[in-house]
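Work through the exercises below with the sequence and the 3D view at hand. Try each task before reading its solution.

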Amino acid sequence: MDVLTDQLAQARARGAVFSVLRRVRPWGVRFSGRRPLTAHVLIEGTGWLEEPGREPLRLGERDVVLMSSGAPYALVSDPDVTAEPIADARLCGTDTRQGDAALILCGAYILDGSFAASLLRALPRAVVVPATDQESAHAAAVALLADLIKQDAPGQQVLLDRLLDVNLIFALRSWWAQAGEAAPGWYRALSQPGLRRVLEHVHAEPAGEWTVPAMADLAGMSRAAFSLRFREVTGDSPGSYVTGVRMQRAEDALARSDVTLAQIAAKVGYRNEYAFSTAFRRRHGVSPGKWRAAARTAQPDYVPH
């Protein structure tokens, strides 16, 4: 089980391209900052990222920016240029005039599921991956995005959505690889073969008998050494981490299916629904049934599957 893939799947991260705009200098586009996670790629040209209280950040061609929710911000051709709201920019459409122009791709990621909030907490407000720092495959994906947005062929939107997904994975991988202690504990653990092996097995089979001795054997370490190293790297005890994975799966099942509590309990590694309910209430302060009702209320478009 690829742990990063599993975590993004739990967050139900998927892209939705919402604008590709050509703008002639001087230009500026303002964003509300309300979306959970937004990607910007300067396909052509250069510009600046402006945020309240921060120095403008220079952006080069093919740089990738991920913005999590917060105060309004703007992409501009030059600092202090007046920026139009993105909604107005989309209504106006692309600028076909001659001149020093930029081509800007803006896409919003749809994030839900129990893991989404912790994923976003692990990111700074702005993640910038300069073109010069992108691994070759990431640069190739951005180049393909640049090529596809100039076409108008069947399946165009699906291709752009998928490439936006690919861009997210590359950008997160790039950021976390150089973020050091700021990267999530589970991601830091992936660099250590023994711990990675444990995480991969836990994510693949959360209902397994994951005792500390079993996990230590899998990591090829003594119990004491494993417990100490696991906590040092992930910031969590082995047992608490396993419980967290199980609860992520349970929360997702409660919110998005009509399976019974007994079925969920068996799926995530509890001997019966009473043991599961006790563990769930200890973590959330409410019963699984009340949590499910609240989750359904927050998702009016819920469709059982």
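The model is predicted, so local features need pLDDT of at least 70 and side-chain atom pairs count only at pLDDT 80 or more, while totals for chains, interfaces and linings use all residues. Residues are numbered from 1 along each chain as its sequence is written, and side-chain values use heavy atoms, with hydrogens and water left out.

**Exercise 1. Describe the chain as a whole.**

Solution. Begin with the secondary structure: the chain has 13 helices and ten strands. Here helices (H or I, at least four residues) and strands (E, at least two) are DSSP runs, numbered from the N terminus. Next, take the extent: the C-alpha atoms fill a box of roughly 70 × 40 × 40 Å along the principal axes. Then turn to burial, where buried means under 20% relative accessible area, exposed over 50%, and partly exposed in between (1.4 Å probe, protein chains only). Of the 305 residues in the chain, 48% are buried.

**Exercise 2. Find the order of strands in the open sheet and name its edges.**

Solution. Two strands pair if DSSP finds at least two bridges between them. Five strands form the sheet, in the order β5-β4-β7-β2-β8, with mixed pairing. At the edges stand β5 (57-59) and β8 (84-85); each has a single partner strand, so one side of each lacks a neighbour in the sheet. One of the pairings is that of β4 (residues 47-50) with β5, antiparallel over three bridges. In it, Gly47 stands opposite Leu59.

**Exercise 3. Check the length of helix α5.**

Solution. The expected span of a helix is 1.5 Å times one less than its number of residues. Helix α5 (residues 156-179) has 24 residues and should span 34 Å; its end C-alpha atoms are 34 Å apart, which agrees. Just after α5, Gly180 has a positive phi of about 60°.

**Exercise 4. Locate the nonpolar cores.**

Solution. A nonpolar core is a set of buried Ala, Val, Leu, Ile, Met, Phe, Trp, Tyr and Cys residues joined through side-chain atoms within 4.5 Å. The largest has 53 residues, of which Leu66, Leu172, Trp176, Trp186, Leu199 and Phe226 touch the most other members. Helix α5 gives the largest share of this core, nine residues. Apart from it lies another core of 18 residues, among them Leu59, Met67, Ala102 and Ile104.

**Exercise 5. Is Pro184 buried or exposed, and which residues does it contact?**

Solution. Pro184 lies in the loop between α5 and α6 (185-189). Its relative accessibility is 12%, so Pro184 counts as buried. With neighbours within four places in sequence left aside, Pro184 is in contact (heavy atoms within 4.5 Å) with Ala122 and Trp176.
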